[in-house]
Amino acid sequence: VFREWHRHRTQSYNEMSARYVPLPDENYIPSVERLMLSSGTNKQAQGTGAALSQHEADMFRDSLVSAYRLAQNCYEWGIERGVPKELARLPVPVARYSRMRASASLRNWLQFLTLRMDPAAQWEIRQYANAVGALIAEKFPRTWALFNTGRTT
């Protein structure tokens, strides 16, 4: 999701550096429901057209866990033996959770939300966009009300 978020070049970012702190061993594992979600309206999410079964979804999730474990073992092995941290992290998957700070003007946040709360946006980034929307609604209720009025007309 960070790579999708980072496409919004109107924001300023600061991501947790793996050179200074150990990477947390936390990786995204999609739910079976997410794996089996119909992708008829999202061209980016379309697969081969084959129907994924519950068993195959479970197998995929198990494979992810195994791959993540292997990557973490390689990372830790490298760190323990003195491999530079920026090289030891090479096997870490893009599914690894990270931390970041992003700052932007309110207008830019609303543009981000216009794109990322859209039903056609990737499901995972929509979850983060909804959380950002809740923060904006709390801090800027009048703007949020106007923003939502503009989205429904």
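Author: Rings of Phe, Tyr and Trp, the last by its six-membered ring, pair if their centres lie within 6.5 Å. Planes under 30 degrees apart count as stacked, over 60 as edge-to-face, and the rest as tilted. One caution before we apply this: the model is predicted.

Reader: How many aromatic pairs does the count come to by this rule?

Author: Five aromatic pairs. Take Trp-5 and Phe-112, a tilted pair. Their ring centres are 4.7 Å apart, with 35 degrees between the planes. This pair links distant parts of the chain: Trp-5 belongs to helix 1 (residues 2–5), Phe-112 to helix 5, and 107 residues separate them.

Reader: Are these two residues buried or exposed?

Author: The cut-off for buried is under 20% relative accessible area. Trp-5 counts as buried because its relative accessibility is 8%. Phe-112 is at 1%, so it is buried too.

Reader: Which other aromatic residue pairs with Phe-112?

Author: Trp-109. That pair is edge-to-face, 5.8 Å centre to centre, with 90 degrees between the planes. An α-helix has 3.6 residues a turn, so residues three or four places apart point the same way. Here Trp-109 and Phe-112 both lie in helix 5, three residues apart, about one turn of the helix. Both are buried. Trp-5, Trp-109, Phe-112 and Tyr-128 form one aromatic cluster.

Reader: Now the core. Which residues have the most contacts inside the largest nonpolar core?

Author: The general idea first. In soluble globular proteins, nonpolar side chains tend to be buried together. In this model the largest nonpolar core has 14 residues. Those with the most contacts inside it are Trp-5, Trp-109, Phe-112, Leu-113, Val-132, Ile-136 and Trp-144.

Reader: What does Val-132 touch, not counting residues up to four places away in sequence?

Author: Val-132 touches Trp-5, Trp-109 and Leu-113. There is also a second, separate core of six residues. Met-16, Ala-18, Leu-23 and Val-92 are among them.

Reader: Let me step back. How many helices and strands are there in the protein?

Author: Seven helices and two strands. Along the sequence the pattern reads α-β-α-α-α-β-α-α-α. The radius of gyration is 19 Å, well over the 15 Å that the globule rule gives for 153 residues, so the protein is more spread out than a compact globule. Along its principal axes the C-alpha trace spans about 55 × 40 × 25 Å.

Reader: What share of the residues is buried?

Author: Buried residues make up 26% of the 153. The protein exposes about 10,700 Å², and carbon and sulfur atoms supply 55% of that area. For contacts with a separation of 6 or more, residues 24 or more positions apart account for 68%.

Reader: How do I check a helix such as helix 3? What should its 27 residues span?

Author: Count 1.5 Å a residue, and helix 3 should span 39 Å. The end C-alpha atoms of helix 3 are 39 Å apart, which agrees. Helix 3 covers residues 54–80. Just after helix 3, Gly-82 takes a positive phi of about 90 degrees.

Reader: Which residues of helix 3 are buried?

Author: Ala-57, Leu-64, Tyr-68, Ala-71, Gln-72, Tyr-75 and Gly-78. They pack against helix 2 (32–35) and helix 4 (85–88). Look at Gln-72: its relative accessibility is 5%, so it counts as buried. Leaving aside neighbours within four places in sequence, Gln-72 is in contact with Asp-25 and Arg-96.

Reader: And the loops? Where is Pro-30 found?

Author: Pro-30 is found in the loop between strand 1 (12–15) and helix 2. Pro-30 has a relative accessible area of 9%, so it is buried. Beyond residues up to four places away in sequence, Pro-30 touches Leu-35, Arg-61 and Leu-64. Pro-30 and Arg-61 are 31 residues apart in sequence, yet 7.4 Å apart in space, C-alpha to C-alpha.

Reader: Where does Leu-52 lie?

Author: In the loop between helix 2 and helix 3. At 34% relative accessibility, Leu-52 counts as partly exposed. Residues up to four places away aside, Leu-52 touches Leu-35, Met-36 and Ala-57. Leu-52 and Met-36 are 16 residues apart in sequence and 6.3 Å apart in space, C-alpha to C-alpha.

Notes. Residues numbered from 1 in each chain as written. Predicted model: local features only at pLDDT ≥ 70, side-chain atom pairs only at ≥ 80, totals over all residues. Heavy atoms only, no water. Core = buried A, V, L, I, M, F, W, Y, C linked by side-chain atoms within 4.5 Å. Buried < 20%, exposed > 50% of the residue type's maximum accessible area, 1.4 Å probe, protein only. Contact = heavy atoms within 4.5 Å. Helix = DSSP H or I, 4+ residues; strand = E, 2+ residues; numbered from the N terminus. Expected span 1.5 Å × (residues − 1). Rg over C-alpha atoms; globule rule 2.2 N^0.38 Å. Areas by Shrake-Rupley, 256 points an atom, 1.4 Å probe, with all protein chains shown as cover.
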